[in-house]
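The exercises below are meant to be worked with the sequence and the model side by side. Please try each task before reading the solution that follows.

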Amino acid sequence: MNLTGPWWTRIARTVVAVGAVALTLRVESHFPHLRNTTVTYSVLLLILFFATRWDRMPAVTASVVGAVMFLYYFEQPRRSFKVRDPEAFVAVISFLITALVVSATELRARQQTEIALERKRQTEQLNELGEAMLVTDNLQATVWIATNRSMPIFGMTGSAFYVPGQMTYRGGESAAITEDLLLATSKSKAVYDNGSSGVSIVPIDMGEDTTGAFGLCGSCLSRTVLNSIGNLLSVVLSRVLVSDKLVVQQRMSESLLLNILPGEVADELRTKGMVSPKYFEDVTILFTDFVGFTVSTESMAAEELVAVLDDYFTAFDQIVTRYRLEKMKTIGDSYMCISGLPVRNPAHPVDMVMAAFEMLRVVEERAKSKHGIEWKIRIGIHTGPVVAGVVGINKFAFDIWGDTVNFSSRMESSGQANRINISERTYSRVKDFFDCSYRGKVLTKEKREYDMYFANGVLTKLIGDSSETPPPAFVRRYHVYFQKAPPSFPEFLIERARPKLIGDGSPAEAS
């Protein structure tokens, strides 16, 4: 048996209290001139001390013993229980009642103080947990803080947080908090409290008819504290989940906006609520158009036609992204993109021509293998100034204006199937990188003649005998001209531009 347990502690305290009262009265009995009132006050002070420091049993026992010994030592005849004066019994009974009332009052005050201190401590614990939860902004962080910070705050040895549809998060020694108990509490939505095992589990409202569960083990908590923990976690998780949904919706909105507008333009629209028109003195524009598209639409089902166009334009989008161009729009079977806008880029004519070669490659490969539809494509490119801005308020769009746009479209319509037709201005900017053939003066729809060129491939001397991609000579020239590395390179152009030995073994330039 444990002699230091609560029962033996109470017995020892009772013996000490009785001994102290008996000793006090025994000593005071040797002073015959001491007034009974003084004796009463001294004993009451002792009983009040015991009631304040210890529990009810020592105080009550000491009161009874004090009354009996007061009767024996201080009532006439002294040192005898043969008291003949009824007033003596009244005095003793009054003393006993006074002692009991004083001890009971003090014990009640002590209990109320302890309750108030415990509530204060619990409030401080809940406030500490609440402050820790305020810094969370996502579900995982909230669960981690609840699982790990609650143990030292409430003096627990283990914790577990059950989130429906996810794993159970655990901290410390939480084996006593079983999965079955967590799931049962989540389903019942009622607090589980087992004092013998020291396990307490509270349901957590996570919104949308979803209920989780949070468990603590190691010691017992009051129902008030458990309910407060459950309410706190429910409020925090509701805020976090709403915040997560807002973040997801915001990201979706931003993604949709970036599908409509370039990144810099979208940022300006978000911050200012409008986009100021801007003049770009030097950009390169590309137009494409499928040859024979109108005839194909007459023999293809609608869903098949849309699927084929989607396949081509998706491949074009990937090329545009790889070369850091900006897609403008599609109109029917026509695709339009621009380089050098909204971020100014001195390499925009070269980047656009490389992207055009990759688009042409996509069309040639699909005509051979994938769809069985032998579509061909015209590609036109021109370089010049434009004005850019956002127009409209409903279904607003980022667009560009100027003669450069119109002339780029004329480059496409004046071209040939599966050829890249470039203007003289573009040619002057890319001739040091690409082999181009002069077409002469070509008549446009406006009955005006312009110098035009076909881009055939990379210059042979920029390929040489190297098998690296991109070729080192091409990279060196690109870096000299533009002080940066090319964003990508059409690998298939290496074989196309590789010199072929003719006659005496001298290489021939690609035409």
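How many salt bridges does a search of the whole structure find? The search finds 12 salt bridges, and it should be kept in mind throughout that this is a predicted model.

**Exercise 1. Work out which parts of the chain the salt bridge of Asp 282 ties together, and classify both partners by accessibility.**

Step 1. The partner of Asp 282 is Arg 429, and the closest N and O atoms of this salt bridge are 2.7 Å apart.

Step 2. Because Asp 282 lies in strand S6 (residues 278-291) and Arg 429 in helix H13 (residues 424-430), the pair ties together parts that are 147 residues apart in sequence.

Step 3. Buried requires under 20% relative accessible area and exposed requires over 50%, with partly exposed in between. Asp 282, at 25% relative accessibility, therefore counts as partly exposed, and Arg 429, at 32%, likewise counts as partly exposed.

**Exercise 2. Follow the salt bridge of Asp 289 to its partner, and then to the network that includes both residues.**

Step 1. Asp 289 forms a salt bridge with Arg 378, in which the closest N and O atoms are 3.2 Å apart.

Step 2. Asp 289 belongs to strand S6 and Arg 378 to strand S9 (residues 376-391), so this pair ties together parts that are 89 residues apart in sequence.

Step 3. With a relative accessible area of 16%, Asp 289 is buried.

Step 4. The network of salt bridges links Asp 289 and Arg 378 with Glu 412. Glu 412 is one of the buried residues of helix H12 (residues 403-413), among which are also Thr 404, Val 405, Phe 407, Ser 408 and Met 411.

Step 5. What covers the buried residues of H12 includes S6 and S9, together with strand S8 (334-339), strand S10 (397-401), strand S11 (419-423) and strand S13 (449-458).

**Exercise 3. Decide whether the partners in the salt bridge between Arg 366 and Asp 311 are buried or exposed.**

Step 1. The side chains of Arg 366 and Asp 311 meet at 2.6 Å, taken from N to O.

Step 2. Arg 366 sits in helix H11 (residues 348-370) and Asp 311 in helix H10 (residues 302-322), and the pair links distant parts of the chain, 55 residues apart.

Step 3. Arg 366 has a relative accessible area of 16% and is buried; Asp 311 also has a relative accessible area of 16% and is buried.

**Exercise 4. Describe two of the aromatic pairs by geometry and by location, given that the structure holds 21 aromatic pairs.**

Step 1. Phe 290 and Phe 313 lie 6.3 Å centre to centre with 35° between the planes, and the pair is tilted.

Step 2. This pair links distant parts of the chain, with Phe 290 in strand S6 and Phe 313 in helix H10, 23 residues apart.

Step 3. Phe 290 and Phe 313 are both buried.

Step 4. For Tyr 438 and Tyr 453, the ring centres are 5.0 Å apart and the planes stand at 45°, so this pair is tilted.

Step 5. Since Tyr 438 lies in strand S12 (residues 434-443) and Tyr 453 in strand S13, the pair ties together parts that are 15 residues apart in sequence. Tyr 453, at 9% relative accessibility, counts as buried.

**Exercise 5. Which residues form one aromatic cluster with Phe 290 and Phe 313?**

The cluster also contains Phe 293, Tyr 312, Phe 316, Tyr 335 and Trp 375.

Key. Residues are numbered from 1 along each chain as its sequence is written. This is a predicted model: local features need pLDDT of at least 70, side-chain atom pairs count only at pLDDT 80 or more; totals for chains, interfaces and linings use all residues. Side-chain values use heavy atoms; hydrogens and water are left out. A salt bridge is a side-chain nitrogen of Lys or Arg within 4 Å of a carboxyl oxygen of Asp or Glu. Helices (H or I, at least four residues) and strands (E, at least two) are DSSP runs, numbered from the N terminus. Buried means under 20% relative accessible area, exposed over 50%, partly exposed in between (1.4 Å probe, protein chains only). Contact means heavy atoms within 4.5 Å. Rings of Phe, Tyr and Trp (its six-membered ring) pair if their centres lie within 6.5 Å; planes under 30 degrees apart count as stacked, over 60 as edge-to-face and the rest as tilted.
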